[in-house]
Each structure stands twice: as structure tokens, then as C-alpha cells.
Amino acid sequence: MSITVYVPGDSSALSLGAEKTAVAIASEAAQRGVEIDLVRNGSRGLFWLEPLVEVATPAGRIAFGPVQASDVPGLFDADFLNGGSHALSLGLTEEIEYLKKQERLTNARVGIIDPVSLEDYLAHEGYRGLQNALQLAPADIVKQVTDSGLRGRGGAAFPTGIKWNTVLNAQGGQKYIVCNADEGDSGTFSDRMIMEDDPFVLVEGMTIAGLAVGATQGYIYLRVEYPHAHKNLNAAIAAAEKAGYLGADICGSGKAFNLEVRLGAGAYVCGEETSLLESLEGKRGLVRYKPPLPAIKGLFGQPTVINNVISLASVPIILDKGGEYYRDFGVGRSRGTLPIQLAGNIKHPGLVEKAFGITLRELLYDYGGGSATGLPIKAVQVGGPLGAFVPESQFDTPLDYEAFAANWAVLGHGGVVVFDDTVDMAKMARYAMEFCAIESCGKCTPCRIGSTRGVEVLDKIIANEDRANNIALLRDLSDVMLNSSLCALGGMTPFPVLSALNHFPEDFGAE
Amino acid sequence: MSLIRDKDYGTPASPSEKNVTLEIDGFKVTVPEGTSVMRAASSIGIEIPKLCATDSIDPFGSCRLCVCQVEGGRGYPASCTTPVSQGMKVQTENAKLNQIRKGIMELYISDHPLDCLTCPSNGNCELQDMAGTVGLREVRYGYEGKNHLKSEKDTSNPYFTFDPSKCIVCSRCVRACEETQGTFALTIDGRGFDSKISPGQNEAFMDSECVSCGACVQACPTATLMEKSVYQKGQPDHSIITTCAYCGVGCSFKAEMKGAEVVRMVPDKNGQANHGHSCVKGRFAFGYATHPDRLTTPMIRKSIHDPWQKVSWEDAINYAASEFKRIQEKYGRYSVGGLTSSRCTNEEAYLVQKLVRAAFGNNNVDTCARVCHSPTGYGLKQTLGESAGTQTFDSVMQSDVILVIGANPTDGHPVFGSLMKKRLREGAKLIVADPREIDLVKSAHVKAEYHLKLRPGTNVALVNALAHVIVTEGLVKEDFVNERCDIDSFNKWRDFVAQERNSPEASEIHTGVAAQKVREAARLYASAGNGAIYYGLGVTEHSQGSTTVIGIANLAMATGNVGREGVGVNPLRGQNNVQGSCDMGSFPHELPGYRHVADVTTRSLFESVWGVKLEAEPGLRIPNMFAAAIDGSFKGLYCEGEDIAQSDPNTQHVQEALESMECVVVQDLFLNETAKFAHVFLPGASFLEKTGTFTNAERRISPVRRVMPPKAGYEDWEVTQMLSNALGYAMDYSSAKEILDEIASLMPTFKGVSFKKLDEQGSVQWPCNDEAPDGTPTMHIGQFVRGKGRFMPTEYVPTSERTTGKYPLILTTGRILSQYNVGAQTRRTDNVAWHSEDRLEIHPHDAEDRGIVTGDKVAIRSRAGVTVLHTLVTERVQPGVVYTTFHFPESGANVITTDNSDWATNCPEYKVTAVQVEKVAGFSQWQNEFQAFTEEQLSMLEKATAAG
Ligand SMILES: Cc1cc2nc3c(=O)[nH]c(=O)nc-3n(C[C@H](O)[C@H](O)[C@H](O)COP(=O)(O)O)c2cc1C
Ligand code: SF4
Ligand code: SF4
Ligand code: SF4
Ligand code: SF4
Ligand code: FES
């Protein structure tokens, strides 16, 4: 009987040499006349261990990592196919601390299955949510999602059930489901991992959304820098169509849902939902004003659900196990789990899906293992380039939208970027302004002119030119941007800028 | 007199009928649902600061100056994009809001030149105003930062400049070009701070798709897009509302003045035909009025080969009168006549026909509508009962399917074309029936569902085929027909069109349009909720022009598409006052109001008011006058504002007729082609120099107001009055107002019209009388004017003008946006930058057969004559068809058109001439003679001597 060996095909593993490792394993096995079944699974999200090779044994999957091609002969010598001991052996995968303590609901299958195998998906509880949904009236599907307490994982944390309900009740001929897969935040990758490593869960989530609101067409607006995700999504869509999970008659229900992937325009602001819709319509990605909300007048002026990848990929498990089940995770008004992405100057970067309530400190030290350089962590930026810098003094704050808001910080899409104490926060503030200036769509004045002036003012502060007045001007400018920008790009740039200034005044020349 | 500054509510009005009440700064206000907070505030006099919003275009929400606070709401929403809601409480001013606004203005000014004092917008600049309003006192960023101050000016457009250093990137220009004009010439290039306005792909304005309508200039809140005339003359100090004298749209304008000088023409926001929009002609091409070619002194001469002699008004009038009297004595009462023009005001046209009838004592009066829309008058009168279009322009905004036949609205009726495009962008479907691929067939965000590219001269066959489908496929609106129409006539018509020979399949050999396409188009039109037909000279200027008009009316009646908004039969009238000059009785058989001269009651009514005996026999039509002139029985002509020598078909024949006359009196602005054959020249007044009214294609009577004194001393009606008095028939009107009052007293459809009403209402659509005191936007509601709608069979008779081996191509003619008809005015403006000569469009196949490439000189030869033009090889025309415009006299387009004409009205068949085209080296004999004659006449003008 052949032994199953897993070598991730996820792009994070590939960038660390997984392809060569896979080839080496296959040829070594052939050379030695050992029959193996090589499966290209997704990544478990433990990046410092990639390429993480797993072998299926009667006791469970055993992990080895990081495995470079040069390690392969040695592994065969050590009889790793039968769980033989080796310096790279990590024991049973499920028992690795980093993974063991996680609560993987959305990412339940990520790294486990062959991403593009519908069979594998079905064997791992796939499409159970859809089967349930097909038995429910649209309003009842929406109710499950509302009950689950799921809030948008794209950044704004708006309750998904309420959004769906608006679309369900909106008048309109053709309604649409749009998945925001533009994942532009630096240091984030959870959307990518879902799409590469378990694309069916997104397809299923969108299909359920379609049934819930009466939309028959869906689009995934995918970041152009994600070719692997593109390939796997298309493969999953084709397989789902073939098996009747997509198309004119979903599972014989007579209900229709079609899905298409569209590649993004490559600008950060195209991740903003209204700009994304413009771009999907083939126009320049200029932000629209709201109201009307996309739920009322979205794509081509029609009622549209627009959700982040993680929001939609969390739907199948909610429909499978019920809203209550999902709601039982989390704290306060932050229910369920959040896939946190540890990046930057951190020893153990990777994906940590945990229920809300875990503290930053636990994440940074228990999971992340402290900074990669070993120096003290000075600040973390949570929630992408528009997120605030959180100082050490606030590391005990639980991950909870409201608790973060109380600290004038955000959770956003769950990206956590770590900086050690060599970082100059004035430069970080300048970087944030510059990011805004580069990415600004240019529609509204506070952001279009303000971000450029912001960079200039910060340059003067850094150069110690008339510092006190320029800091006052920076505060005034931030106030204008915060309060009057059309979208959150200009509107939230003051978060990193002012948090840097407020928490680390010494970096701005304070005595 | 002061400068009219129209109130800008910031966002367009909401059409909702439901009202909501809210509180703004403590004041209660009730507005239609869907209104923005900004507009609601403005409606009670609270003007929230704004820069990117203006009420002619949809809100955009980009400047953020208009922030407000809503009780119980979060943050500081933009009031231009925030809709009102019941019970809402809004604050528009407080310290926080002011601080935000100041912050925004500080950002704007950090990238703006500080040259207000020398800026053309000084005194009329929204950016300046806002800086003042928010109280900006310093710019702490300094002026050394990144900026656009060194951007280069684009002066390529003859009428306006684009100075990007002053641009605040509010996108008002881009949106005006899209929403108002529908051209989509402007985009924003780049992102963020680098965003800049770009015509086309970073081109100069003149190289882009821009059609120079000026909507962007008007929308611009700064001096970035600015009329060159304001650069030169400064800001105007007063304005007067008047009406454009170019096309049948009849746009209302504010003439913005400084003393007696026009600084600029700004389309009037309250104009009911144009709602603040215009085209390049009306807005910019007014320079002809002050062109050095204008003649301002009366002149006489014995023979057309004599030099002119400058004389006093008195001498000129007396000379003309004595000549007419002499001729009538010698050749009889019927040997003289007069021509009114569609360029004249209603009052002038009325007075000229009155002069002919009362002073000449005959009915020899005709008008240039003869050569354009006379079949409309006939066809619509016969079927619906009134010689006019049925709708308002705005009606198109309710249409679901629009059928355009033989019209080119984006060139010929640009402002209406823009409105139609707007509706098409909203989703209405379009069918175009035209031999040529006009712009509407495919342009930015507009695409015709069907283009029925028929052969010129086969309109009737096509209309019958459409009718055949409607009748045989059960698409007739039976209820409507039964209730509203004459059933006998319907049955006869139905049996006629149902015949197999009228089927799309049988017609295909005539029209060249695939039967299937005709069927689909007919179904689309007939099953529309609201189907509207628009047509133009491509319908009327044919030997079967009247037949097609009737056929169109049949289609509309059979499908129930008459008598409400969104439907109708809509002639797109060419000139500004075609409708009016026809209404005013400029026809040899009709007194004002389309009443036959043979009708005793009508005649006696006019006789009693005019105090003369009137002739009961119809007089001569234009072509009959020419024929009579050539055979010696017609010797004198009073021609006001019309250039028959260029505009009428078969030029050589017209010239011969003019040369045969003994006294030709021309009243015009310039020494036009006809004036070169004249014996008396009476200098006319431009529309800026006189008072009166014009009636546009939707029967809208609009005021023309004098904004400057007449250059030659008299308004045109005064000249007619002087001539009449000299002829011995007394007239003593003291103003155009009195003439209008007389018209109103004599025409039932004008009974309620007066200058007072126009002052109050802006304009009014006739009929305006006791039954309809505010006028009649939509006609035939509930009942046709003639009672029951009358169907008439429309037998297709192929034109005798057929292609042969010798003349294998069909020539058809048209016009373009930048030039106007004979071009006498537009050729004397910078509009020549767009179109400086008439060219012959020819399909690549036909060109190749003849070894012709674009730019070649070709002779176009017809049975009537030959002329030479340069070519443009293009697929816009179909194989077998060639096309030219007719704006330049030296083109001699009418040298080749024949004297075929409409069977009912004699409207010439301009649109179909069989021709051969061949490459040549030189100009035609006619052109050479024309050149020589022109030179001779110009020297006669130069030699003009003062009366000695
Ligand atoms: C500048 C900007 C960029 C954004 N980029 C993304 C993105 O890449 N992915 C995403 O899901 N949401 C992004 N968002 C948030 C979206 O606007 C929107 O809130 C989200 O798609 C809604 O989905 P959710 O409710 O499922 O979170 C961005 C917002 C802004 C202002
Ligand atoms: S805040 Fe920036 S990105 Fe957002 S609309 Fe304004 S200019 Fe565009
Ligand atoms: S002049 Fe008219 S067509 Fe030209 S750019 Fe401006 S709005 Fe567009
Ligand atoms: S040119 Fe004028 S209207 Fe256009 S963006 Fe600039 S300031 Fe606004
Ligand atoms: S020419 Fe016609 S469309 Fe142009 S401004 Fe005058 S009336 Fe309007
Ligand atoms: S006027 Fe409202 S945002 Fe510009």
C-alpha cells in the first residue's frame, strides 16, 4: 500500500522551496522503488516551518519541517515514511502547540485537504452548509448568519446578517454577490490561504449568500498578485459546476447561482468596496459616496452583497453547525473566530485562528515567540496600513472590536505587524502618510492634497523645522482627514500617524 | 439691468412626489423625498459651502467642503450626497464644521496660484468665494510643497482656454461633459495628488473628441476653463435673456454684456428648451455679428454689373418702392413677390407676408421652409390636424424606444441630441433609419439597437414595411385606433400596408435593408411602452417627402404613440424659426395660422383688421417664381434674411431667374450670394440687435431681446414697415410688441401670447389661448386636433432620380455641428477651425474603383451640373452613396442637385441626386465662373460710393 505524503502547494511554502522539495521526494521515492501518494495540500500556516512535509501514518499525520530538497535523502534514510525519527521531525501535526491551541473554524480544512479536490472537500464536511441552506427559506438563512454574530472581516466589522437582510429586502431585478478578494493590507494572507488552500469553502459560502438574498450571479474580485489563488478558484468553480453545485440548478433545487473570478486593477483603494464595484464595472477605481449603500445600489446599480473572503468562507460552517455554534466562540460583540496573521519582526510568523478575546500579548509571545531579532517589541500595527500602532502598554487588550476601538485602534482584517525597539515611529508616521499619498484615488480633497502635505509636514518635523508648529499643523491636518475624507483610506491614515505621535512622542522630538 | 446670477441649489431637484420635513439649523423645511440636505438648505436660503456640487449634474462628494452634522448620526457627512429624511435635524455651521472647512480650503490654496487680481475669474470665482466664506486667513503649509503651478495652458480651442495650474480637480467639467453633453471627452488622468483633467488620452482639447459645447466651461468653478472673450474683455456687468438664432432647438441664453458689447453667451438655466445647455454655435459663434464683413449702409444700383452706391435709408426705401411700383404698373400686380426666412422673427415674417398681401396686393410670398419642412406641415395637418410636432423636447426623457429617421440630432440639433443621448444612457432603445452611420449609431455609451441603413430615396418603402409588420403581426393598438381614429381610413390603410408587396421581404430590393432587421425593429417600436419618432430633412427633402411624413404619422397612430409624454411624431426643425415662419402665413396659399386664402371667413377677418381687400387666389411658390422670372412674368423680389442663390436647388437655374429680374431687394447682414444679384441692399440687424419672438421645433415661442442697438440703425421689422409705407400701405407699429399683439388677435392658437406672458413664463408653447392659457406642451391629448386621426395609404413611388450607368452613385447631403446651413454666419466665426470646407464622403470600394484617395479633388457630375470637391474616404457612407455638407457657397452643392421635388409641397429632393464621381485636376466651370462673379461683386462693393 502506498503511503500518502503531503507537500504544500501554497504559495508561502512554494516561496520557501516546496516545489523542489516535492520533486525531490517524488524522485527519491521512485529511485528507491517506494510507492508514495504525493498530495499537494495547502499550508498549515506555520510559516517558519515551511516547507512542512507531512506523512500519513496510522497514528495520524506526522510533520517534518522545514524540509529543503537537500534534506530529502536523509529523511528517506531515516524512514520518515513510517514515522522514523529525524532532526526535522515535529511529531504529530495536530499536536504542534501553535496549531493545537487554535480554534480553526473557517480554516478547518486549510492545510489538510487537496484544495482542488471536490471529493476531499466533501470528505471533510464540505457542502454540508449548502445542503442545509437549500432546505431553508432565504430569510432563515439570513437569520442563521445574523444569529452567528458574524461581522465583516474585511475591516469595517459590519454585521454580515444585517447587510444580507438589506439586500434580501431590496427591490431589484438582478442581485449580485461580490467577494472582496483584493487583500491589500501589507502582512496579511488569510484570504489568500483560503482561496489557495480551500477554495471550495469560499465557493460554497458565496452560493449560500446567493440563495439567502436571491442573487444568481457572483463575482470574486481577486487581487492580481494571486495567480495560485486564481488557478485554484477556477479549478474549484469548474469542479463545482460540473458536479451541479453551481449553475442553473444547484443540487437539483431549481435555484441558480453562477460564479466568476475577475482580476483586480492592482490599486490598494480598489479593495474599498465602492471603488471595487466601479472597477468591476470596468471603470476607474474611484470611490463612490454612500448612501446609497451597495446593498441597495451596488454593482451596475443593483442590490449587491459585498463581503470579504473570510466573511464568506465563515458562512458554510455557520450553516452546517448553526449560528449558535459559531456564536459560542468569542467575547462581547465580537463573536466567532478571527484568523490572525502574524508578520513583520516576529519569530513564528503565520496564521492563528482564534476566538475573539485572546490578547495581543498571548499572540505575540505564546504564538509568535517574540521578535525575530530577539529585541523587545516596541509596537505592533494591527489592522493593516491604516491601523493604529499599539504600544507595549496595551498588549493586554483582548482582541475585540470594541476594546480596540476604546484604545483608538482597530482590528481590521486581523493583520499584526511587529516592530522591535529599533523602529523610528516618526518615520513610520511618515510612511503611513506616504502610503496614503501613493494609494489615494484622488477623488476627495482631504486625502488627495492632505496626504501629500502630510508627508511634507512630517519631513519638516523629522528635520526639526519649526517642530511645535508643524506638529500642531499635523494634528489639524489629521483632524480634517479623519473627519472629512470620503473613504477610510484618507479617513484612517490619521490612525497610524496620530497613534505614533501620541504613544511615542519622543520619536517626534519631545524632550 | 444687472448681471443675472442664477441660484445654484447644488444638486438637481428630486422628482419625487412624496414630501419629507426636516429641520436645518432650527428651521423647518419640507422638500421632496430624495432631495439632498444641501438643496433643502439652499431652498430656505441656507447656502452650505460647496465646490464640487452644482445643480446641473449629479452630486459627487469630492471636495468635502459641504460637511454637516446630523443629530444622532456619526461624523460629518457631505450635505450634497446626504439625502433628507423625515424628522432629520441638521446643523450646517458650527466651530467644528468651520474648522474642517478652513482646513480643506487651506489645502486647496496650498496648490493654487495667488494671482487673483489678474485672474479672469476675479469677481466671479467660486474658489475665491469659498476662501472668503470660510474665513481662510493663512496657509501654514507654505507654497514650496509639491504643486501644479507650472502646468502648461492649453489654448488650442478657439473659444476657451484650459489652465491646469488653477484646477481644483472637482470633476465638474468631466461630469458636465458626460451628463450634460454626453460626449465623454474628458477624463481624470493619474491618481492622488497627480490627478489631472485630460481631454481624451492626454491630448489638446482640439485634438480630442471635444465638440466645444462649453458645458465644461460653464461648470468650472475656477478660471481653469474660461472663455477667451472674458480674458480679453473682463467680467460682464449685466445680462439679458434672449434666444439663440441658429437651430430649431431654440436655446435660451443670457447675453452677458458690458455696455453694448457681448462678453459671452451663457445658456439660460431656466430655458425650457435647453435647461442651461447649448452647442458650440449658440454659445460661441456670435462673432459674426461684429464681423467687418457686416454691411451697415443701404445701397442701390441699376444693374448688377454696376458698382454699388451707398445711400440714405430714405433713398434706398424710396428707390425700392418706386421700382416695385414701376414693375407692377408695367408687368401687372402679380409680377412681384416676397420671401420671408426662417431666420426672421415671427413679427418680421408676419410683417413681410402682410406687406406682400396688403401692399403688393397678391399672395406671392413664400419661405425657405419650402425647401425644408413644408412636407411636415402638409403631412401632419392631413393626418393629425396640426402642422407641428406633437411633443416637448423633455418628453424624450419618458421614451422607451426612440426611432430616428433621416435626422442627425447630435449635429443638427445638438442640445436635443444631448438630451436624447442622456435618455439612451438611461436605457431607452434606439432605432436609426439613415443611409449614413450618423454619430448616434455608435458613440460613447450609446448604441443603436438597429441601424436600418437604407438606400437614399426609399423612406416610404421602409415605413410601409414597418407598418406591414405592425399590421400583420397583430401589433396594432386596437383600443387606441378604435377610440381615437377614423376607422374607415384605418381599414383602408391596413389593407393597403398588409399587401405582400409592402412586406419587409418585398421591400428589401428597394431599401437594401435586411427584412429580418426591419421586422425586429418594427416589433421593438410597436411594443414599446412609449415609442417616439424623431425625423428631419432626411425625410422631407424627397420627391415623396410628404408621403413619408404621413407614413410616420400612420405608424404612430397605429401603435397608439400619440397624445402623451414620451411618444409622438417629432419633426426636428432645421432653422431657428421654421415653425414660426410657417405659422405666420409665409405661404402663398395660407394666411397666418394655416388658413387657406380662399376661405372667405378668414379673408374677411384679415381684411377688416388690415383694411384692404385680399386676393383669394394662392400666389407663386419659390420654384414658380423662378420659372416665372425666367419666362419674363415675374420681375421683382423682396427677400429678407434668406440666401436662395446658395440654398435652393439647381443653382444655375436660380441664378438665371435672379438675373432675369429687374428689382431684387435683399435685406441681410452680409453681401450673401443672393445679394450679389440684388439692386437694392437693405442692411439687416442680427438677433442681438432686435426684439421679437422665435418659435422652435416644439412650438415653443421664446423672446428675442435686443441687447445692443442695431448697427444699421433699424430693426428689420422697421425696415419692412418703412418699405410698406413707401409703397403706399400704411403701417405704424411702434414696437415688435404691437405686431405680436396683432398676431395674437388674428390667430386662435396665439390668442394668449404676449410679451408680458413671455416675461412671466419665459416661453410658451402654442396653442396658447383661453383653453390653454399656459400653452400646450403635448398635443392631441384625448383627441386629435382634427377630431379623429386620419390614416392615409402611402404608395411607394421610386424617385425618377435613378442611378444609371452614367450616374451610378447617389449623392445625399447633410450638415455638421460647427457650421450652420449656408454658413454665412458660422463661416465668419472661429468655427471654421472645425470645418473649413465641404468634402465629399465616399465609401472605400467606390473610391478604389475610381482610384481616389482621401484629399483628392473630384468632379461630381449630375444631370443638372458639375462641381468639384476634395474627398474623404470613409465607411460611414455605404457603397453606392456619396455625401457632402453644403456650408460653403464655392462648393456649389446645389449646382448638382436637381429640381425634382415633393409632389405635394415642391420641397426639393436635396437628399437624392444620381451622380458620377471622377478624379480631376481643376475646379468646375461653374466654380470658376462663380469665382469670377464673386470677385466682380466684391469689387462692386469696394467701389461703392457714397450718394453724391
Ligand atoms: C482603502 C480600503 C481598502 C480596503 N481593502 C479591502 C480589501 O482588500 N479586502 C476587503 O475585504 N476589504 C477591504 N476594505 C473594506 C471594504 O471596503 C469593505 O468594508 C468590505 O469589503 C466589506 O466586506 P465585509 O463586510 O465582509 O468586511 C477596504 C477598505 C478601504 C477603505
Ligand atoms: S479618502 Fe482618498 S482614497 Fe478615499 S475617496 Fe478620498 S481620495 Fe479617494
Ligand atoms: S466643450 Fe463640451 S464636449 Fe468639449 S470637453 Fe467641454 S463639455 Fe466636453
Ligand atoms: S477644470 Fe474646472 S471644473 Fe474641471 S476639475 Fe478643474 S476646476 Fe473643476
Ligand atoms: S444652434 Fe441650436 S442647439 Fe445650438 S445653441 Fe443654438 S438653438 Fe441651441
Ligand atoms: S459640495 Fe459636497 S462634497 Fe463637494
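**Exercise 1. Ligand 5**

Task: Determine how the shell around ligand 5 divides by class, and which helices of chain B each supply at least two residues of the shell.

Solution. By class, 8 residues of the shell around ligand 5 are nonpolar, 4 are polar and 1 is charged. Here Ala, Val, Leu, Ile, Met, Phe, Trp, Tyr, Cys and Pro count as nonpolar, Asp, Glu, Lys and Arg as charged, and the others, Gly among them, as polar. Next, the residues themselves: of the 13 around ligand 5, those that come nearest are Cys244(B), Tyr246(B), Cys247(B), Cys251(B) and Gly282(B). A residue is near a molecule or strand if its C-beta atom, placed from the backbone, lies within 6 Å of it. Finally, helix H7 (280-284) and helix H12 (414-425) of chain B each supply at least two residues of this shell. Helices (H or I, at least four residues) and strands (E, at least two) are DSSP runs, numbered from the N terminus.

The model is predicted; local features need pLDDT of at least 70, side-chain atom pairs count only at pLDDT 80 or more, and totals for chains, interfaces and linings use all residues. Residues are numbered from 1 along each chain as its sequence is written, while chains are lettered from A and ligands numbered from 1 in the order in which they are written.

**Exercise 2. Ligands 3 and 2**

Task: Identify the residues that come nearest to ligand 3 and to ligand 2, and describe each shell by class.

Solution. Begin with ligand 3, which has 13 residues around it; Cys177(B), Cys210(B), Cys213(B), Ala215(B) and Cys216(B) come nearest. Helix H4 (172-181) and helix H5 (215-219) of chain B each contribute at least two residues to the shell, and H4(B) gives the largest share, 3 residues. The shell around ligand 3 has 9 nonpolar and 4 polar residues, and no charged residues.

Proceed to ligand 2. At least two residues of the shell come from each of H19 and helix H22 (488-492) of chain A. This shell divides into 8 nonpolar, 4 polar and 2 charged residues.

**Exercise 3. Two helix pairs that share H11(A)**

Task: Describe how H10(A) and H9(A) each pack on H11(A).

Solution. Two packed helices are described by the angle between their axes and the distance between the axes. Axes are lines fitted to C-alpha atoms, for helices over the stretch in contact, and angles run from 0 to 180 degrees between N-to-C directions.

First pair: helix H10 (residues 199-213) and helix H11 (residues 227-242) of chain A pack at about 60°, with axes 9 Å apart. H10(A) is therefore oblique to H11(A); angles under 35 degrees count as roughly parallel, over 145 as roughly antiparallel, 65 to 115 as roughly perpendicular and the rest as oblique. The crossing of H10(A) and H11(A) is right-handed. A crossing is left-handed if the near helix is turned anticlockwise from the far one by less than a right angle, and right-handed if clockwise. From H10(A), Pro199(A), Phe200(A) and Val203(A) meet Asn232(A), Leu233(A), Ala236(A), Ile237(A) and Ala240(A) of H11(A). Two residues are in contact if their C-beta atoms, placed from the backbone, lie within 7 Å. By class, this contact of H10(A) with H11(A) has 7 nonpolar, 1 polar and no charged residues.

Arg192(A), Met195(A) and Glu196(A) of H9(A) make the contact with His228(A), Ala229(A), Asn232(A) and Leu233(A) of H11(A). The contact of H9(A) with H11(A) comprises 3 nonpolar, 2 polar and 2 charged residues.

**Exercise 4. The contact of chain A with chain B**

Task: State how many residues each chain gives to the contact, and which helix of chain A supplies the largest share.

Solution. Chain A gives 24 residues and chain B gives 26 residues. On the side of chain A, helix H18 (425-439), helix H19 (445-448), helix H20 (450-462) and helix H21 (467-484) each supply at least two residues. The largest share, 6 residues, comes from H21(A). By class, the side of chain A that touches chain B has 12 nonpolar, 7 polar and 5 charged residues.

**Exercise 5. Backbone geometry in chain A**

Task: Locate the loops that hold Pro66(A), Pro291(A) and Asn464(A).

Solution. Most residues other than glycine have a negative phi, and most peptide bonds are trans. The Gly65(A) to Pro66(A) bond is cis, with omega near -10°; Pro66(A) lies in the loop between strand E4 (60-64) and helix H3 (72-77). The bond from Lys290(A) to Pro291(A) is cis, with omega near -10°, and Pro291(A) lies in the loop between helix H12 (273-280) and strand E9 (304-308) of chain A. Asn464(A), although not a glycine, has a positive phi of about 60°; its place is the loop between H20 and H21 of chain A.
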